[in-house]
Amino acid sequence: MELQGRVLSVASECVPLVKTGGLADVAGALPAALAPLGWDMRVLMPAYRSLRPRIADWPEVWREEGLWGGTGIVRQGVVDGVTVLALDAPHLFDREGGPYGGPHGDWWDNPQRFAALSWVAARIAREGLADWKPDVLHAHDWQAGLAPAYLAFGGAGGVGTVITIHNIAFQGWAHSTLLGELRLPRSEFHPGALEYYGGLSMLKAGLVTADRVTTVSPHYAEELMRPEFGMGLQGVIAARAAEGAVSGILNGVDTAVWSPEAGPHPFSARSMKGKAEARAALCDEFGLGVPGPLAILVSRLTDQKGIDILPAAVPDFIAGGGGLLVLGSGDPALEAAMQALVTRFPGRVAVRIGYDEALSRRMFAGGDAVLVPSRFEPCGLTQMYGLRFGTLPVVSAVGGLSDTVIDASPAALAAGVATGVVFHPVDALGLGQALRRLLALHADRAVWTALQKNAMRQPLGWETSAAAYAALYAGLRG
Ligand code: ADP
């Protein structure tokens, strides 16, 4: 494929190097998905402590003096086929702890750390590396929010800009006294630009200055214009949407990794025997005996995920023959609430507190349904894993969940397109009714099998996403 253009992707995390959330999956997956479409993407990210040994012998491709108290050196290398530009600025990134904080909370200088990432991104975009000049800069979340701003205020050099919101809950707030230190023009400190409730939001800076704004599902893009989802930025999103600058592009999943044919009990839509074996193995592992549908939940245990509504909704489901297997960690009160269900329903409910990707895979293979009762969900991945494995998603009608699951309504069943159960509002009554419907669907083998086949047929790879991003970039190339 002939070269269509070059994109500098700017992200604070990227699979397989550093991951705390879905942003890392997108940053890591897009380059390979875009390559066949003629888009050459490189990913600029910080060289955190864990990366430094790996990049030590990569060639230097950029040097930035005076980068908030030290020198930043950008080293280029290839990791799993992705060309990575690692910003090595030890005074900012060589620390014991996570990308955003240590044992005592967020790093105090996060505004400066990610301003530095954005500054270097803007400089590389504007001036180009020796052999590579991007046409488009694609910023992810607040950590890269200042990159489009620096280009907008300091001259863009013909580079188009996109910012993607992965989760609007994180807005990169900074005190207004940092304006000068963050190299932002005082003339732009007003509500129409950088000012945000008296301070600065690095995400807002990106949202008002980027040529295009995307988020990770079409439904979330619409929700973000409402106060209950926009978390203060609804007016900004609505204004950009009115200009036609906002769109939603669903994330994909790695269909080779999340494949029912890849596990120890392989199966496919044509032959589901392996799924029954996987279910039996899972029930053995957790001492479960479940006559009806086995629901799984793999999630951070937080308020966002609607975990608190489970205890009131589950008893009827258990009484109807269902079972529940939970994997997750988070809020101690929610962890305790899940443990209490085990005590109340031994042999029907099991819980594993922790993070365990191998177990999550066994659960998606062996479960009958996956519960995702989120209050908000920008895209969501577990419902897509569920679809892949014929583990029918039971989801709330928010964000990417309502874009990916087709409710088993009478109309959808008649049309033969249903893939799961969608409920609203997000409360115990809503989830309880959804679980009652799940029991009824499960009791009808023909209907259940048809739903599983529909689910497993859904195209969930990165191809569709990549084509949408490619079209967006092409529109900005000038
Ligand atoms: P979020 O990014 O809001 O946590 P997503 O559904 O977009 O929600 O992504 C969550 C990812 O983390 C999924 O890949 C999910 O399988 C995984 N995950 C969450 N909790 C666990 C856990 N306890 N063990 C293994 N994987 C988990």
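Visitor: Let's begin with D80: buried or exposed?
Guide: Below 20% relative accessible area a residue is buried, above 50% exposed, and in between partly exposed (1.4 Å probe, protein chains only). D80 comes in at 65% relative accessibility. That is over 50%, so D80 is exposed.

Visitor: What should I know about how this was made and counted?
Guide: This is a predicted model, where local features need pLDDT of at least 70 and side-chain atom pairs need pLDDT 80 or more, while totals for chains, interfaces and linings take in all residues. Residues are numbered from 1 along each chain as its sequence is written, and side-chain values use heavy atoms, without hydrogens or water.

Visitor: What is the phi of D80?
Guide: D80 sits in the loop between strand 4 and strand 5 (82-88). Helices (H or I, at least four residues) and strands (E, at least two) are DSSP runs, numbered from the N terminus. D80 is not a glycine, yet its phi is positive, near 50 degrees.

Visitor: And what is the phi of R183?
Guide: R183 is in the loop between strand 10 (173-174) and strand 11 (195-196). It is partly exposed, with 30% relative accessible area. It is a residue other than glycine with a positive phi, near 60 degrees.

Visitor: How far is a nitrogen atom of the ligand from a polar backbone atom of G354?
Guide: A polar contact is a pair of N or O atoms within 3.5 Å; within protein, one must be able to donate a hydrogen and the other to accept it, and sequence neighbours count only if both atoms are side-chain atoms. For K305, a side-chain N or O atom is 2.9 Å from a ligand oxygen. For D356, a polar backbone atom is 3.0 Å from a ligand nitrogen. For G354, the distance you asked about is 2.7 Å.

Visitor: How much of the ligand's accessible area does the protein cover?
Guide: On its own, the ligand has 560 Å² of accessible area, worked out by the Shrake-Rupley method with a 1.4 Å probe.

Visitor: Which residue's side chain has a polar contact with E377?
Guide: E377 lies in the loop between strand 18 (369-372) and helix 14. Its relative accessibility is 6%, so it counts as buried. At 2.8 Å, its side-chain partner is K305.

Visitor: How many aromatic pairs are there?
Guide: Rings of Phe, Tyr and Trp (its six-membered ring) pair if their centres lie within 6.5 Å; planes under 30 degrees apart are stacked, over 60 edge-to-face and the rest tilted. The count is 14.

Visitor: What is the angle between the planes of Y196 and Y197?
Guide: Y196 is buried at 7% relative accessible area, whereas Y197 is exposed at 62%. Their ring centres are 4.8 Å apart. The pair is edge-to-face, and the angle is 65 degrees.

Visitor: Which ring does the charged end of R361 sit over?
Guide: A charge sits over a ring if NZ of Lys or CZ of Arg is within 6 Å of the ring centre and within 35 degrees of the ring normal. R95 does this with W107, at 5.1 Å from the ring centre. For R361, at 4.6 Å from the centre, the ring belongs to W258.
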